[in-house]
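Let's take a friendly walk through this structure, one chain at a time and then where the chains meet. Have a look at it first.

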Amino acid sequence: MTPRLEARAVSLPGRLRPTDFRLAAPALVCLVGPNGSGKTSLLHALARIDDPAGEVRIDGLRPEDLAPAARKRLLAYLPASREAAWPLAAGDLVRLGLPPGADDDEAEAAMAALDLAPFARRRVDRLSTGERSRVLIARALAPRPRLLLLDEPVANLDPLWQLRLMETLRAAVDQLGQGVVVAMHDLDLAARYADRLVLIDGGAIVAEGEPQAMLASPSLEAVFGIERVAGIWRPLNRPEDRRSSP
Amino acid sequence: MSRLAFPALILAAVSAFVLSLAVPWPPVAALLEEDRPLALALLWELRLPRALLALAYGAMLGASGAAIQALFANPLASPDLTGTTSGAALGAVVTAYLLGFSAPLALASGAVAGALAALVLLLALAGPRAETATLLLAGLAISALAGALTTLALALAPSPFAFYDAYEWLMGSLADRSLEQAAFAAAPALLAILLLLRLAGPLDSLTLGEEVAQSFGHDVRRLRFGIVCLTAFGVGACVAICGAIGFIGLVAPIFARRLSGGHPGRAVAPAALIGGLLLLAADLVVRTAPLGRTLPIGVVTALLGAPFFLWLVAHMRWRLAR
């Protein structure tokens, strides 16, 4: 079977070392790693942003070979920034994610899934950051692409919406058969919903595996400098910890 | 855009064009009876070039203003406020008065080079997605520099009449251009507008940010390069023939976005029509104002456009302060 995503030796100068990345079948994969470790760069390389080296195939197709309209059905990328460069109405912004001539129902379904129907005619620069986040996420979800690449989608969302979004992404994989790759910092939330955690550090993948096993892995502790004691994360080897220990 | 708005705009632009040929009608009517060939010559050689230039230059300013505003993600970017028209004027003055080439093609080439230099300098100074203040300051600096260099070029020109000679042109004028000159401005403008229209989709995608536009498969660097070159090419050719005309490039896109649902890329087509319409209207005002003499059209667009610009600045400030 053709893998959903097959990335070979993708790299970005100074940001991401040559990396292989594969999703054999639809799955929810979370990229975790410290600030500046290369999560965004891997997402960029997969979305073909900033002229990365290497090759990406989604269901056997190279994104470069497709025109923008077809490419919107293949992959969608959500940047970490929640800025709106231009004050469009929320509904119009979501429709920009769809190919020209797409059915309006698609945009409306994506907005309804994120409870955005009341905001359809509101300008995005007049929404709160969390509301604007949901609009931007709806733009990425609307075309139901085969691969979703989301950079910190739960940032700025309240606890309920963090859960609802992760449920939505889970459903995207289980019901719609989409591949989803998400960069995020909340390790527990990631482990709860993901099929696989991928640990990134220094512009390279350093470990990956089943979520619960990854949470307990020494490499995760070493990379982040944290440890999990009685279900709570705490810094590893902080100077003050050393002082207080007997 | 509402279904009726676009045909209505086309109808309005065509009507303004016909009106520009016909007004004032009594001299033409009188001549038609006495000397038919002279009447046709008046229409063909005096009024047609003027109407053509107003339509083409206005449309070019509108379309490039819309494209530049979309590119910089800033509603205050326009060919005049970014120093493009001043750069073009400098290029044309240097070509005509220092290098001594006055053929339309040479003037147009000089103006295009000047406009291109101004836009490249703007990108280098302000960056591709500049804050409003940075963009306006960089544009102001480029305009001031180009203006000073234009004055210097005229002062150093071998001809003692250079200042007097260039004054009317620098203020912007559509009067007494030949059909050949009109073609030298209108043909590049039309070509540039048609090519800018093809960029409407990528420009709308750019509202989602450069990264997302790239993930759709748009080459953002090529898009930026294309808009800069097309604007310099079209605006430069028009400035070479008609001088610098301000504010149409700022005002037309703002009205156009009311018709495009706020989409900056889709606003390029209506902005071209509105720009052509505005300049035709301004020219009609110039020709029919009962002042006993002709006003430079650049003065009229500035007199109408500057208060609008002030209102826009105040409006933005009020909104940001809220």
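Among contacts in chain B between residues at least 6 apart in sequence, what percentage join residues at least 24 apart? The figure is 81%, where two residues are in contact if their C-beta atoms, placed from the backbone, lie within 7 Å.

## About the model

This is a predicted model, in which local features need pLDDT of at least 70 and side-chain atom pairs count only at pLDDT 80 or more, while totals for chains, interfaces and linings use all residues. Residues are numbered from 1 along each chain as its sequence is written, and chains are lettered from A and ligands numbered from 1 in the order in which they are written.

## Chain B: the helical chain

Chain B has 14 helices and zero strands. Here helices are DSSP runs of H or I with at least four residues, strands are DSSP runs of E with at least two, and both are numbered from the N terminus. The radius of gyration of chain B is 20 Å, close to the 20 Å from the globule rule for 322 residues, so chain B is as compact as a globular protein of that length. That radius is taken over C-alpha atoms, and the rule is 2.2 Å times the number of residues to the power 0.38. Along the principal axes, the C-alpha atoms of chain B fill a box of roughly 65 × 55 × 40 Å.

Of the 322 residues in chain B, 52% are buried. A residue is buried if 20 or more other C-beta atoms, placed from the backbone, lie within 10 Å of its own, exposed if 12 or fewer do, and partly exposed in between.

Leu196(B) sits in helix α8 (residues 179-197) of chain B. Is Leu196(B) buried or exposed? Leu196(B) counts as buried because it has 26 C-beta neighbours inside 10 Å. Leaving aside residues up to four places away in sequence, Leu196(B) touches Ala63(B), Ser64(B), Ala67(B), Leu230(B) and Val268(B).

Helix α11 (residues 220-242) of chain B has 23 residues and should span 33 Å at 1.5 Å a residue; its end C-alpha atoms are 32 Å apart, which agrees. The expected span is 1.5 Å times one less than the number of residues. After α11(B) comes Gly243(B), with a positive phi near 80°.

## Chain A: helices and strands

Chain A has 10 helices and 11 strands. The C-alpha atoms of chain A fill a box of roughly 70 × 40 × 35 Å along the principal axes. Buried residues account for 43% of the 246 in chain A. Among contacts in chain A between residues at least 6 apart in sequence, 65% join residues at least 24 apart.

## The six-stranded sheet

An open sheet of six strands in chain A has the order β5-β6-β7-β3-β8-β9, with mixed pairing; two strands pair if DSSP finds at least two bridges between them. The edge strands are β5 (75-78) and β9 (204-209) of chain A, each pairing on one side only. Neighbouring strands are turned by 15° against each other on average, direction ignored. β5(A) runs parallel to β6 (residues 147-151) of chain A, joined by four bridges, and Tyr77(A) stands opposite Leu149(A) in β6(A).

Where do the side chains of a strand point? In a regular strand they alternate between the two faces of the sheet. In β3(A), Leu28(A), Cys30(A) and Val32(A) lie on one side and Val29(A) and Leu31(A) on the other, and all are buried. Five of the five residues of β3(A) are buried, so β3(A) is largely enclosed by the rest of the structure. β3(A) pairs in the parallel sense with β7(A) over four bridges, and Leu28(A) stands opposite Val180(A) in β7(A). Four bridges also join β3(A) to the parallel strand β8 (residues 196-201) of chain A, where Arg196(A) stands opposite Val29(A).

Helix α6 (residues 159-174) of chain A lies across β3 (28-32), β6 and β7 (179-183) of chain A, running at about 150° to β7(A). Axes are lines fitted to C-alpha atoms, for helices over the stretch in contact, and angles run from 0 to 180 degrees between N-to-C directions.

## Where the chains meet

The contact takes 17 residues from chain B and 21 residues from chain A. On the side of chain B that touches chain A, α9 (200-205) and α10 (210-215) of chain B each supply at least two residues. The largest share of that side, four residues, comes from α10(B).

By class, this side of chain B has five nonpolar, 10 polar and two charged residues. Ala, Val, Leu, Ile, Met, Phe, Trp, Tyr, Cys and Pro count as nonpolar, Asp, Glu, Lys and Arg as charged, and the others, Gly among them, as polar.
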